[in-house]
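Let's take a walk through this structure together. Have a look at the model below, and then we'll go through a few of its parts.

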Amino acid sequence: GAAPVGELGAAGERGVWEAEREEDQEERATAAYGLHYVFGHLSIPTLVTVLAALLLERRVVVQCSNVEVLTGVCLSLPWLLRPLEWPASTCILPLLPPSLHAFLSAPVPYLAGVTYPPSHGYDEGIVVLQVELDRVVGSHDMPASESLEELVHKLSPPHEEISMPCPPASLRGFARRARRMEAAVMSSVVSGLRLILEDHMQGLVCLRELRGHCGEDMDITAEVRQSFLATVEEGERRFVAELLQTQVFTGYFHRRFPPPSASPVPGHVSPTARDLPAS
């Protein structure tokens, strides 16, 4: 039968992740700076679409005329992919000045923030998050994912507690805004949303199942991908096929299951069979 995508064992995997690496306090503070903007101004379908674009290493532009909101959103979005991470070689530019808009034509994955679109418009293939409009354009060719649709349904009810649509022409043009509430309540809901996201991200692919298709070198070859994808539910197959070829995913997989020739990482705890749940 088809392997259920997302069968990973969140509790066991979380323990391995936390044993391997404690979150850097500076990184946490940087991400927290913008989380209230992310969850306040963006609807959940919009947010999940942008995160999917980042997972698939698309070129992503965040557009917002408010510099504080713009930089906050740009700094927080990559953190919401955890425990997956963008590779260090990937460009993250929270505020790209107009004089450097030509960079947006670069044929490499990036996350860039701009206050207004370039004079020549955006190239084909760039995914643009328009924060004020709570809208994503350029994502039409991205593969669908039933798992991410499920994530939208999980996040939407608690998100409605802290974010609401704005009347037309209010709040300097933002389509959504955060509800008025005590800061502690807001922070609690945001933390809950982030934990739902983290659990879902680490379950996008059944790592144990994928590991069983790999050889001793843990290399995700074309043959391994083809063999594994045959076990994935049809509604997930195109999305997972693209995800398996990204540095975002292969880096995460090899942190979980380092190749035998890899030098041990200080503080790294490699999961064994008993760390992962039975299929």
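Start with helix 5 (residues 146-160) and helix 6 (residues 183-201), which pack at an angle of about 170° with their axes 10 Å apart. Axes here are lines fitted to C-alpha atoms, for helices over the stretch in contact, and angles run from 0 to 180 degrees between N-to-C directions. Helices (H or I, at least four residues) and strands (E, at least two) are DSSP runs, numbered from the N terminus. Helix 5 and helix 6 are therefore roughly antiparallel to each other (the angle is over 145 degrees). On the helix 5 side, the residues in contact (heavy atoms within 4.5 Å) include Leu-151 and Pro-158, and on the helix 6 side they include Leu-193 and His-200.

This is a predicted model: local features need pLDDT of at least 70, side-chain atom pairs count only at pLDDT 80 or more, and totals for chains, interfaces and linings use all residues. Residues are numbered from 1 along each chain as its sequence is written, and side-chain values use heavy atoms, with hydrogens and water left out.

Now zoom in on His-200, which sits in helix 6. His-200 is buried, with a relative accessible area of 8% (buried means under 20%, with a 1.4 Å probe and protein chains only). Not counting residues up to four places away in sequence, His-200 touches Ser-147, Leu-148, Glu-150, Leu-151 and Lys-154. Its C-alpha atom is 9.8 Å from that of Pro-83, 117 residues apart along the chain.

Last stop: Glu-132, in the loop between strand 4 (126-130) and strand 5 (135-137). Glu-132 counts as buried too, at 16% relative accessibility.

Methods. Parallel < 35°, antiparallel > 145°, perpendicular 65-115°, else oblique. Buried < 20%, exposed > 50% of the residue type's maximum accessible area, 1.4 Å probe, protein only.
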